[in-house]
Amino acid sequence: MERKFLARVAAAMASMFDRFLRLGEGDQTAAEADRIRAIRLSVLATSTPWMMVANLCNATLTIFAFHGSPSASAVYVICGLILAIVLYTSLSWWRHRTRGARERASLRGTIRTVIYAAILSSLWAALDVVAYHSADETQRMVLIALTVGMAGGGGFALATIPPASIVFCGTVAIGAAIALSRDPSMVGAYLFILYLVFAAIIVRSSLAVCRSLTERVRAKIAADEQRDVINLLLNDFEENAADWLWGVDSDFNLERASVRFYDQLQVPEGMVLGRPITTIMPFSSVGVDGLDCRDNFTSSLQSRQSFRDQDICVELGGELAIWSLTAKAIYDEQGNFKGYRGVGRDVTASRESRLRIEHMARHDPLTEVGNRVLLSEDFERAVSRYERFGDPFSVLLLDLDRFKQINDNFGHTGGDELLRTVASILSQLRGEADTLARIGGDEFAILHASGDDPQSAASLASRIIEKFARPLNLRCGSAHVGVSIGIACAPIDGTDPDQLMRNADLALYRAKTDGRNRYRFFDSSLDAAARRRNLIEQELAIAIAEESLSINYQPLVDAQSRRVVCAEALLRWKHPTLGSVSPAEFIPIAEESGQIGAIGSWVLRKACADAIRWPDDIRIAVNLSSRQFLSPGLLPLVETALKQNALPAHRLELEVTESLLMETNIGVEETLASLTKLGLRIALDDFGTGFSSLSYLRRYRFDKLKIDQSFISDLETNSDSRAIVESVIRLARDLGMSVAAEGVETKGQFELLRQMGCGEIQGFLAGRPMPIDQFEDYLRQNSTSVQRLYA
């Protein structure tokens, strides 16, 4: 308990001491206090010599005054110590007199000053204590004068450091109090009271001086900062500006000019003063804005009217420069022309900067070809030429194929190099009158002056495609990149720039849809298709929100027992005005717009909810899109759908396509493994239509292969198809997988597949896709086997 009390007392005393040391700094920030403290200490340092002179004189006077006094020995010792401090302080000040003032000072500087003030004031206080009692009247007058003088002088000298001033005055006051307390007369008490009043005034004045100094220092700091800014601006102006003053008489002879004018001309004043200014100016033969500079300037002078910002081209030391001249015509009271007074400046740098800024505003910084701004401006010029002269033009919109793959393989550095290489090649292939611009990540546009024949644009597109069909050699390796091109021609496809760009974009979309690495012209059918696509996208969003989509189920039948073993969930959409919209039309739109995720989630939940009402030996098969499969929320979605509907995991079958497996993403393998751990089945849909199918079978584990219907349709007539199907069935059997054949429509196909050992069949022969109520009736009617499969 006692330790805690002592600790609190010590903490309180430390806090009080810190506040005492920071007197005069109450409203200052830490950074501001350090700067102001440094200035206050530097002010104190400038008065150090005068303080030492005062201490030296007072100590010497005291020695002489107390010669022969009973307390002379003690006085000599104290004065000797004072003189030693004076000598040490003076030598220290002399050594450091040339040192620059510090910009910042810590609290340690204040502490050292307080300690110094305490030591020096203690010596003067000790002088009162040891000498006042035994001193005669004269010596007492000397001590009183010294005490008051040193207290006042020291207090004011230390006024910029209030703690030091208070310590100095307070210590001297304590010495005076002790000395006067030994004098029983009332005079001593009056003197002490007067000294206390005097000391209080000194301390109060010290704090006022400190506040005043702080305000001045703050004002000085603000002024210094403002001056620094002004100096910076002035220095920048001096370094970069090129202004000068000039004046001519009524005959246009140079009367006066600033020094900078002669510096610009690189000639002495005496060689040009008094000569006609038109002969002084080093005009270049190169004009400005198509005008002869000498003639234009002479005409302006002869007009005897003020002019402003007239640019002239001059030649100095073999280099061209642009000067801008402004002048005011001077007339006397009688209206007689007296000459010009003007200002000139070198605007070469600003012109170059303006040109650079204009270039940067209109060009892509990576490829140095134009950007959308330049394309838009040249579009307006092309439209203007067409309206005035009937000159047709076309726009080619280019999109690089496989750019993302190259960017992923070679990194962004390789991608940037590829874009620069592509821009360079396109610059070489385009015509001189054409505008090339980069308008997106890997999208370029060419505004082509196509002449009288749109085939000119087709010829340019063919050359571009042919050029990019060959590999491009980059520093990081060889890149195989193709290009798809959409073309819109004016005036055939419109003359409005936005409309032409939109039409070219539609043609580009068709080129990419048709297989990439080709070009397509815009036609009206593309516009109709685009409008229908936008309509479907909008209506599909509403259908998802209102859950107006539906699911049909198509049975999968065991080829040997002819029993229904599975049903595939197939999405259907019947729109109130568009009618039945084919999945082949709206599913790709949903994938591109990102709506496929919400659709897939709804299908999975709905299919599981329907399947729980079926016999336990019938599975439900649901297709997964690539976007949904790669989504991190797939696994929780599947788990939730199974749990909410109490559907055993082995009754759920998820179908993936080979296009998904082409993703070189480690997440594909991890997702397949996680789904398998849940106990559900994974089927590879449309087997044989993708690439490297056998490598997928070795890398990934599947429960079922679904043979694409393209191999089944001619199974009865094509021996190659029979051989392929038979090989796939045998391969699946050896790998422990079941096989399902899609698109079985005839009994002949069914019998062949059954004989080959195919596990399941799916197609119109077994049953068409049906709504849920019809499918459940179908299950009841074919509970033991599907009768239509019997011959």
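Helices (H or I, at least four residues) and strands (E, at least two) are DSSP runs, numbered from the N terminus. Being three residues apart in helix α28 (residues 772-781), D777 and R780 are separated by about one helical turn.

This is a predicted model, in which local features need pLDDT of at least 70 and side-chain atom pairs count only at pLDDT 80 or more, while totals for chains, interfaces and linings use all residues. Residues are numbered from 1 along each chain as its sequence is written, and side-chain values use heavy atoms, with hydrogens and water left out.

**Salt bridges**

With a salt bridge taken as a side-chain nitrogen of Lys or Arg within 4 Å of a carboxyl oxygen of Asp or Glu, the count comes to 25 salt bridges.

| Pair | Closest N and O atoms |
|---|---|
| R651 and D616 | 3.9 Å |
| K704 and E653 | 2.6 Å |
| D777 and R780 | 2.0 Å |

R651 forms a salt bridge with D616. Because R651 lies in the loop between α22 (634-645) and β17 (652-657), and D616 in the loop between α20 (596-611) and β16 (619-623), the pair ties together parts that are 35 residues apart in sequence. For accessibility, buried means under 20% relative accessible area, exposed over 50% and partly exposed in between (1.4 Å probe, protein chains only). R651 is buried at 2%, whereas D616 is exposed at 63%.

K704 forms a salt bridge with E653, and this pair links distant parts of the chain, with K704 in strand β19 (residues 704-707) and E653 in strand β17, 51 residues apart. K704 is buried, with a relative accessible area of 0%, and E653 is buried, also with a value of 0%. R619, E653, R681, K704 and E760 are linked in a network of salt bridges.

**Aromatic rings**

Rings of Phe, Tyr and Trp (its six-membered ring) pair if their centres lie within 6.5 Å, and planes under 30 degrees apart count as stacked, over 60 as edge-to-face and the rest as tilted. The whole structure holds 15 aromatic pairs. The rings of F775 and Y778 have centres 6.2 Å apart and planes at 20°, so this pair is stacked. Both residues, F775 and Y778, lie in helix α28, three residues apart; F775 is buried at 0% relative accessibility, and Y778 is buried at 6%. Elsewhere, ring pairs link F252, F283, F297, F307, Y331, F337 and Y340 into a cluster.
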